[in-house]
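Please look over the chain and its ligand below.

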Amino acid sequence: MSTYKLANLIRARFPMIYITTFEEDRVTKYIKSVVTDEKQVKFPREVFTWTQTNGLFNDNTQKGINDTACPCKALEYIRKYDKDAVFIMYDFHVNFGPKNRQPDYNVIRKVRDIVPDLKLGTVRKTIFFISTELLIPESLQKEITIFDFALPNLEEIKAKFESMINQNTGVVNELSEEDKDKLCKAALGLTLQEAESAFALAMVNDGKISIKDLQVVLEEKVQVIKKTGILEFIHSNYTMKDIGGLDNLKNWLLKRNNSWSEKAKKYCIPAPKGVLVTGVPGCGKSLTAKAMSTIWGLPLLKLDFGKVFSGLVGSSEENMRRALATAEAVAPSILWIDEIEKGLSGIGSNGDSGVSSRIFGQFLTWMQEKDSPVFVIATANNISSLPPELLRKGRFDEIFFVDLPTEDERKEIFKLHLERRLKDKEVASEIVSVKNLCGELAKMSEGFIGSEIEQVVVSSLCDAFFENRPLKFEDLVKNIQTTVPLSMTQREQVLALRAWANVRAVSATKTSQLNKYSKDIDEDNAATSRGGRTLDF
Ligand code: ATP
């Protein structure tokens with residue numbers, strides 16, 4: 001959060017500033033600290049606050065102003081006030097027509113009427129609208145400026161934690177400096193109030209605070225992120241070892257691990273922005289996002305683009321803003337946008353009054369300008385609905401294409417899923433060598449996707465379980481033979497995906513593994529034998 005930016009807006013006499021936040025106290029303190037500081041604003045301002053229940057309150061004299069609870073009367077008082085001042089108005093948006101409520105046109109007109117006075121009057125006055133949701137009537141869009149008030153940073157959270165420890169002398173503090181750092185970092189992404197509640201909960205448990213309480217804080221955070229309704233905190237234990245094949249993509253990601261560290265700064269490596277992973281469904285795109293979070297040791301937040309537009313959880317723009325702000329507050333973090341195409345399908349159509357285009361623009365600008373360490377992994381199955389702007393250089397660092405697994409990759413996937421499940425000696429007693437078996441199975445399963453291979457293993461184990469006997473090679477063969485792979489049922493779609501990827505994306509599979517490819521798919525068109533350019537990382 002740049003204090004200078006707010007000070008500049010005030011000095012440049014922006015008439016009205018809108019801040020969306022749940023933290024009234026914190027934002028009020030922050031505004032006061034800026035507007036009363038001569039160094040920042042040159043001419044310190046008096047501070048008034050306003051609520052529809054109490055009217056205006058002069059912070060300097062500590063006195064309320066009679067008869068100003070009515071918004072129009074408060075605005076008239078502001079118009080007439082003849083000293084430099086700022087007026088912080090809470091929940092004023094209720095007059096702008098939130099859901100299930102008509103806008104109050106008198107109030108909106110009155111706001112417009114006082115704009116010339118705020119901009120050009122002899123005294124310097126600014127109005128702040130503080131609200132939990134962003135709502136600006138069309139007619140005021142040009143007059144009101146939105147200011148992004150970031151969630152508390154690590155220093156603020158640490159200061160809150162320390163003041164709690166000092167106040168609660170009965171609590172035994174068993175934290176080392178390093179542990180304290182970890183605990184406070186875990187609270188990033190929470191408002192100060194939420195962080196305070198999480199710490200309080202951790203303290204009341206057993207009258208002491210130790211690194212064991214990290215879980216309490218993390219659970220609190222999961223709750224808060226859940227409440228946004230749009231972001232989901234994904235817990236993952238997957239590692240790169242759980243992904244069969246896709247070595248090129250895995251190498252690219254592994255090389256960028258720790259890109260935000262102090263050591264990386266010495267190499268002047270630009271922080272990675274993100275990757276777009278497209279391709280055939282069920283081939284490990286989601287698995288890669290989950291494994292990445294474990295390998296990089298960063299929290300994984302899944303953004304449901306569909307829900308941003310659903311209208312169930314607030315205005316679309318506000319939903320998007322809040323989701324991105326939360327990801328930034330938790331940074332360094334990974335923001336996973338699954339099936340990104342679903343959120344972008346309305347772009348260019350007139351059906352939603354341009355909401356999709358605005359949200360998309362908001363997202364692109366954020367992608368382009370973000371300097372916080374939030375790495376985006378976007379996954380897409382249907383590339384035909386992806387807007388070209390998304391694919392332009394500078395948005396994502398790389399676009400990867402995940403094709404049907406090669407024979408070597410299928411062998412690895414079979415091995416992974418068999419070894420993961422064949423833990424019991426009895427069940428595995430008829431399997432002589434998983435390694436040899438997988439080579440055979442890979443040959444037989446030309447055109448199978450990863451999830452179909454997993455299904456073959458699961459179904460075969462079900463057959464063995466049903467007959468109360470060990471798993472046999474024949475079970476796996478039978479299940480391969482009875483599966484009609486997606487590459488056959490959706491042959492045209494797979495070919496179209498490959499043709500698209502040949503000019504736009506890099507193959508997620510290593511060049512050395514591309515020697516054996518799906519003949520079923522390729523016989524018609526040798527040029528599209530595999531999707532994606534070959535370029536090894
Ligand atoms: P969708 O777009 O349909 O969600 P996806 O490409 O994201 O598909 P995943 O969800 O990652 O596919 O894969 C589904 C399941 O298939 C995984 O949970 C995993 O068990 C298995 N699978 C797919 N690909 C692989 C792979 N390369 N290695 C190991 N398992 C795989």
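## The second largest pocket

α14 gives the largest share of the lining of the second largest pocket, 5 residues. Helices here are DSSP runs (H or I, at least four residues), and strands are E runs of at least two, both numbered from the N terminus. The pocket holds about 840 Å³ of space. Its lining has 27 residues, and the closest to its centre are Leu134, Leu135, Ile136, Ser315 and Glu317. Two elements give two or more residues to this lining: α14 (316-330) and α16 (355-369). By class, the lining has 11 nonpolar, 7 polar and 9 charged residues. Ala, Val, Leu, Ile, Met, Phe, Trp, Tyr, Cys and Pro count as nonpolar, Asp, Glu, Lys and Arg as charged, and the others, Gly among them, as polar.

Where does the second largest pocket lie? Domain 1 (3-146) and domain 3 (234-402) both give residues to its lining, so the pocket lies between them.

## Model and terms

This is a predicted model: local features need pLDDT of at least 70, side-chain atom pairs count only at pLDDT 80 or more, and totals for chains, interfaces and linings use all residues. Residues are numbered from 1 along each chain as its sequence is written, and side-chain values use heavy atoms, with hydrogens and water left out.

Pockets and cavities are found on a 1 Å grid over the protein atoms alone. In a cavity a 1.4 Å probe fits but cannot get out; a pocket is an open set of points with protein on both sides within 12 Å along at least five of seven lines. Lining residues have an atom within 4 Å of a point. Points are joined across faces, edges and corners, and a volume is the space filled by probe spheres set on them.

## Domains

The protein chain is divided into domain 1 (3-146), domain 2 (154-227), domain 3 (234-402) and domain 4 (407-487). These bounds come from an automatic or database domain assignment. The C-alpha centres of domain 1 and domain 4 lie 67 Å apart.

## The ligand site

The ligand is surrounded by 16 residues (a heavy atom within 4 Å). The closest are Gly244, Gly282, Ser286, Asn381 and Glu454. The shell has 5 nonpolar, 8 polar and 3 charged residues. Domain 3 and domain 4 each supply at least three of its residues. α12 (285-296), α18 (407-421) and α20 (450-466) each supply at least two.

Which atoms pair up with the ligand? A polar backbone atom of Gly244 is 2.8 Å from a ligand nitrogen atom. Polar side-chain atoms lie 2.9 Å from a ligand oxygen atom for Asn381, and 2.6 Å from a ligand oxygen atom for Glu454. The protein covers 81% of the 620 Å² of accessible area (Shrake-Rupley method, 1.4 Å probe) that the ligand has on its own.

## The cavity

A search of the whole structure finds 1 cavity of 30 Å³ or more. Gly244 is in the lining of the largest cavity, along with Leu246, Cys283, Asp403, Pro405, Glu409, Ile413 and Gly450. Domain 3 and domain 4 each give at least three residues to this lining.

Definitions and conventions:
A polar contact is a pair of N or O atoms within 3.5 Å; within protein, one must be able to donate a hydrogen and the other to accept it, and residues adjacent in sequence count only if both atoms are side-chain atoms.
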